[in-house]
Amino acid sequence: LSDLLRSCQGSGTASAILWERGAGLFNKKNYSAAQKYFQRIMLSYPNDEYAAQAYFYNAECYFFLNDMNQAAGAYKSFYINYPKDKMVPQAMFQVGVSFFNKKDYQKAAEAFDEFVKRYPQEKLAKDAALNVALCYKKAFRLDEAIKSYQNYLLLYPGDAKATYVKLQIGILKATKGNFKGAIADFESIPSRTAERAEAQYRIGDAYQNLHEEAQAKAAFQRL
C-alpha cells in the first residue's frame, strides 16, 4: 500500500485509496484500524474531496470506540473546518450525544440547544429539543427542565409528542411540590391519548399530597 500511495502522490488517487481502505474497515466495525486511514487523509490531503468525510468518520470512530471526549472534539473539528458540508447538522447533534453519554449533562444541554437554535426545522431538531430537557432532568435542574419542555411546546405546537411533554412538565412540577400546577398540566392532556391514564392517576396522587381526599378519590375513580 505504501508504494502504491507514493506512486499516486498528489494525484487525488492516493486519498481515494486511503478512503476506500478506511471505509472498508469502518464497515467491518474495525474502527481503530479505519481511523488510521481517515487521519492520514486529514493530515496529508486536507483540501481533497475525501477530506470532509475523513474528518466526520474519524469522529464516528472515536464515538464507536466509546471515547466520548475525543468524539465531541472531533465532531466539532469537522464542522468548524467544513461548515457547509451536508453532515454538519448530524455532527452537531452527535456532539450533544457524546457529552450525554459521558454524563456531562450541562455541555450536552448546551450542544443540543445550539442545534435547535441553528437548525429548528432539521429532522433531528425535535429530538434535540427534548434532549435539552432530558439533560437538565438528569442533572436534577428541574426548573431548567420544565422551561425546556415548555420551549418545546412553543417551538412545535400541535406536535404528536405534545401530550408526552405536558405529562413530563406535570411530573416535574409534582416532584418540586407544585401539586396544583401539576394537576393543571395533567388535566390539559386530552382523553384518548396514550398519556391520559397515567395523567389521571397522577391527578389523584397530587390531590392526595394536597390532602384533598375527596378530589383524590374522584380522580382515581375516573381511571
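Asn30 is partly exposed, with a relative accessible area of 35%; buried means under 20%, exposed over 50% and partly exposed in between, with a 1.4 Å probe and protein chains only. Asn30 belongs to the loop that joins helix H2 (13–27) to helix H3 (31–44). Between Asn30 and Tyr79 there are 24 Å in space, C-alpha to C-alpha, and 49 residues in sequence.

This is a predicted model, in which local features need pLDDT of at least 70, side-chain atom pairs count only at pLDDT 80 or more, and totals for chains, interfaces and linings use all residues. Residues are numbered from 1 along each chain as its sequence is written, and side-chain values use heavy atoms, with hydrogens and water left out.

The mean pLDDT (the predictor's confidence in each residue, from 0 to 100) is 93 for the protein chain, and 95% of its residues reach 70 or more. Over residues 1–11, however, the pLDDT is below 50.

Helices H6 and H7 form a packed pair, with an angle of about 160° and axes 7 Å apart. They are therefore roughly antiparallel to each other, a term for angles over 145 degrees. Helices are DSSP runs (H or I, at least four residues), numbered from the N terminus. The contacting residues (heavy atoms within 4.5 Å) are listed below.

| Helix | Residues | Residues in the contact |
|---|---|---|
| H6 | 88–101 | Pro89, Met92, Phe93, Val95, Gly96, Val97, Phe99, Phe100 |
| H7 | 105–118 | Tyr105, Lys107, Ala108, Ala111, Phe112, Glu114, Phe115, Arg118 |

The residues of this contact of H6 with H7 comprise 12 nonpolar, 1 polar and 3 charged; Ala, Val, Leu, Ile, Met, Phe, Trp, Tyr, Cys and Pro count as nonpolar, Asp, Glu, Lys and Arg as charged, and the others, Gly among them, as polar.

Notes:
Helices (H or I, at least four residues) and strands (E, at least two) are DSSP runs, numbered from the N terminus. Axes are lines fitted to C-alpha atoms, for helices over the stretch in contact, and angles run from 0 to 180 degrees between N-to-C directions. Angles under 35 degrees count as roughly parallel, over 145 as roughly antiparallel, 65 to 115 as roughly perpendicular and the rest as oblique.
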